[in-house]
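Take a look at the model below.

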Amino acid sequence: MSSSITITVRYFASIREALGTGSETLSTEAATVGALRDGLIARGGAAAQALAPGKAVRMALNQTLCEGSAALRQGDEVAFFPPVTGG
């Protein structure tokens with residue numbers, strides 16, 4: 001039986017611009033960062049495009065880069081951002 005946790009999700013750069021917000025606090029039953037991303041994509045609209053599976057999106061859990069398999073816990077902070085490119 002899964003239970004809901006409350007986490008903070010932050011969006012950066014082009015993802016923030018697409019979604020029109022820099023962060024949100026949400027309740028989720030996602031067990032991993034990847035499952036959270038899937039849930040955000042399932043919302044549709046701008047989130048579905050900005051976080052789409054084919055898009056290069058970096059993820060961080062509590063300010064440390066992570067893979068989609070990273071486990072989520074109550075109070076965690078997850079960040080989504082595009083890969084940083086040199087210029």
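**From a loop to the sheet**

Gln63 counts as exposed, because its relative accessibility is 70% (buried means under 20% relative accessible area, exposed over 50%, partly exposed in between, with a 1.4 Å probe and protein chains only). This is a predicted model, in which local features need pLDDT of at least 70, side-chain atom pairs count only at pLDDT 80 or more, and totals for chains, interfaces and linings use all residues. Residues are numbered from 1 along each chain as its sequence is written, and side-chain values use heavy atoms, with hydrogens and water left out.

Gln63 sits in the loop between E3 and E4. Helices (H or I, at least four residues) and strands (E, at least two) are DSSP runs, numbered from the N terminus. The phi of Gln63 is positive, about 70°, although Gln63 is not a glycine. Most residues other than glycine have a negative phi. Ala13 also has a positive phi, near 55°. Ala13 lies in helix H1 (residues 13-19). Ala13 is partly exposed, with a relative accessible area of 34%.

Now the sheet. Five strands form an open sheet in the order E2-E1-E5-E3-E4, with mixed pairing (two strands pair if DSSP finds at least two bridges between them). Strands E2 (23-28) and E4 (64-66) stand at the edges with a single partner strand each, so one side of each has no neighbour in the sheet. From one strand to the next, the twist averages 30°. Axes are lines fitted to C-alpha atoms, for helices over the stretch in contact, and angles run from 0 to 180 degrees between N-to-C directions.

Strand E3 (residues 58-61) pairs with strand E5 (residues 77-81) in the antiparallel sense, over four bridges. Ala60 has Ala79 in E5 as its bridge partner. Helix H2 (residues 33-42) packs on the sheet and touches E1 (5-11), E2, E3, E4 and E5 (contact means heavy atoms within 4.5 Å). The direction of H2 makes about 65° with that of E5.

Which aromatic rings pair? Rings of Phe, Tyr and Trp (its six-membered ring) pair if their centres lie within 6.5 Å; planes under 30 degrees apart count as stacked, over 60 as edge-to-face and the rest as tilted. The count comes to two aromatic pairs. Tyr11 and Phe80 are stacked, because their ring centres are 6.3 Å apart and their planes at 15°. Tyr11 is in strand E1 and Phe80 in strand E5, so the pair ties together parts 69 residues apart in sequence. Tyr11 is buried at 2%, and Phe80 is buried at 0%. Phe12 and Phe81 have centres 6.5 Å apart and planes at 80°, so this pair is edge-to-face.
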